Amino acid sequence: MILYFSGTGNSLYAARRLADLTGDSVRPLLSLRETPLEKGEAAVGIVFPVYAWGMPRIVERVLREAVAAVAAAHYIYIVCTCGDDIGMTDVFVNNLLKPYGRRADAVFSVQMRNTYVCLPGFDVDSEETERRKTAAAHARLEKIAAQIRARQSGLTEVVRGAVPRIKSYVLRPLFNRFLTGDRRFKTKHCVGCKHCAAVCPAHNIIPNKKGKPKWQGHCYDCLACYHACPHHAIRYGRYTKGKGQVRVPFNGE
């Protein structure tokens, strides 16, 4: 079983690609809240994007609730998708498994297109860079799938980046405290198409009578609404002015 969380499509692509290559099935990680994972799975893979050099907070919350069943799997692997590096993300996951006497048998990171645009200096990749990353990710996922099929263990094949402990243990808490949430989202030239509400994995957007989005305060910080807007009408304060978008899968495509 491959469990995934995906906001803008990178981790969804990775999960589906691994499922095709390993003959496994996929399901959204958040579905564990309604239908718990059965204990005794032969293999459990967890695929998610890296936010601020760690797990998305919603991923951590759901994993905490489901960790006993995950820890009961015979083989556990983690795949982190990222624009550049993951810091100490894998350590956070293993800390959840540690009380059950387990750790992930294999941890991988896969660099994919960059989607974070909410701070100065951060923008989507150029078309050339995105094509290069996509081709490299395709090949990397093939290698990862072969290692999973062989049930290789003791693997930590990740790109931590420079000063990973500072990023994950110092910058990440500050980022989560001051630079997350939906309070800075605004719209300009919104036509009321409601596309943002349809793609939001948190169901955090309720359109008003004119179809314009109203954020409800329980944002996952995935930026699906920003990237999916067909009119580029959503802004994150002044930080996203002049920045690009990536294509977001719609209705499970």
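On a 1 Å grid over the protein atoms alone, a pocket is an open set of points with protein on both sides within 12 Å along at least five of seven lines, a cavity is a set of points where a 1.4 Å probe fits but cannot get out, and lining residues have an atom within 4 Å of a point. By that definition, 44 residues line the largest pocket, and V50, Y51, A52, Y116 and F175 lie nearest its centre. This is a predicted model, in which local features need pLDDT of at least 70 and side-chain atom pairs count only at pLDDT 80 or more, while totals for chains, interfaces and linings use all residues. Residues are numbered from 1 along each chain as its sequence is written, and side-chain values use heavy atoms, with hydrogens and water left out.

**Pockets**

- The largest pocket holds about 860 Å³ of space; a volume is the space filled by probe spheres set on the grid points, which are joined across faces, edges and corners.
- Helix 1 (10-22), helix 2 (57-71), strand 4 (75-82) and helix 5 each give at least two residues to the lining of the largest pocket, where helices (H or I, at least four residues) and strands (E, at least two) are DSSP runs numbered from the N terminus.
- Helix 5 supplies the largest share of that lining, six residues.
- The lining of the largest pocket comprises 23 nonpolar, 13 polar and eight charged residues; Ala, Val, Leu, Ile, Met, Phe, Trp, Tyr, Cys and Pro count as nonpolar, Asp, Glu, Lys and Arg as charged, and the others, Gly among them, as polar.
- The volume of the second largest pocket is about 510 Å³.
- The second largest pocket is lined by 22 residues, with Y4, S6, P28, V199 and P201 closest to its centre.
- Helix 1 and helix 6 (195-199) each contribute at least two residues to the lining of the second largest pocket.
- In the lining of the second largest pocket, 14 residues are nonpolar, seven polar and one charged.

**Cavities**

- Across the whole structure, a search finds three cavities of 30 Å³ or more.
- By class, 12 residues of the largest cavity's lining are nonpolar, one is polar and one is charged.
- The second largest cavity has about 70 Å³; T187, C190, C193, K194, H195, C196, P213, C229, A233 and I234 line it.
- The lining of the second largest cavity divides into seven nonpolar, two polar and one charged residues.

**Helix 3 and its packing**

- Helix 3 (residues 89-97) packs against helix 5 (residues 164-178) at an angle of about 85°, with the axes 9 Å apart; axes are lines fitted to C-alpha atoms, for helices over the stretch in contact, and angles run from 0 to 180 degrees between N-to-C directions.
- Helix 3 and helix 5 are therefore roughly perpendicular, the term for angles of 65 to 115 degrees, with under 35 counted as roughly parallel, over 145 as roughly antiparallel and the rest as oblique.
- T89, V91 and F92 of helix 3 meet S168, Y169 and R172 of helix 5, contact meaning heavy atoms within 4.5 Å.
- Three of the residues in this contact of helix 3 with helix 5 are nonpolar, two polar and one charged.
- Seven of the nine residues of helix 3 are buried, namely T89, D90, F92, V93, N94, L96 and L97; buried means under 20% relative accessible area, exposed over 50% and partly exposed in between (1.4 Å probe, protein chains only).
- The buried residues of helix 3 pack against strand 3 (43-49), helix 2, strand 4, strand 5 (106-111), strand 6 (155-157) and helix 5.

**Individual residues**

- H203, in the loop between helix 6 and helix 7 (224-228), has a positive phi of about 50° although it is not a glycine.
- H203 is exposed, at a relative accessible area of 63%.
- D221 is also in the loop between helix 6 and helix 7, and its phi is near 65°, positive in a residue other than glycine.
- K243 lies in the segment after strand 8 (234-236) and counts as buried at 12% relative accessibility.
- The C-alpha atoms of K243 and C118 are separated by 9.3 Å, though the two residues are 125 residues apart along the chain.
- Leaving out residues up to four places away in sequence, K243 touches V117, L119, P120, G121, F122, D123, Y226 and H232.
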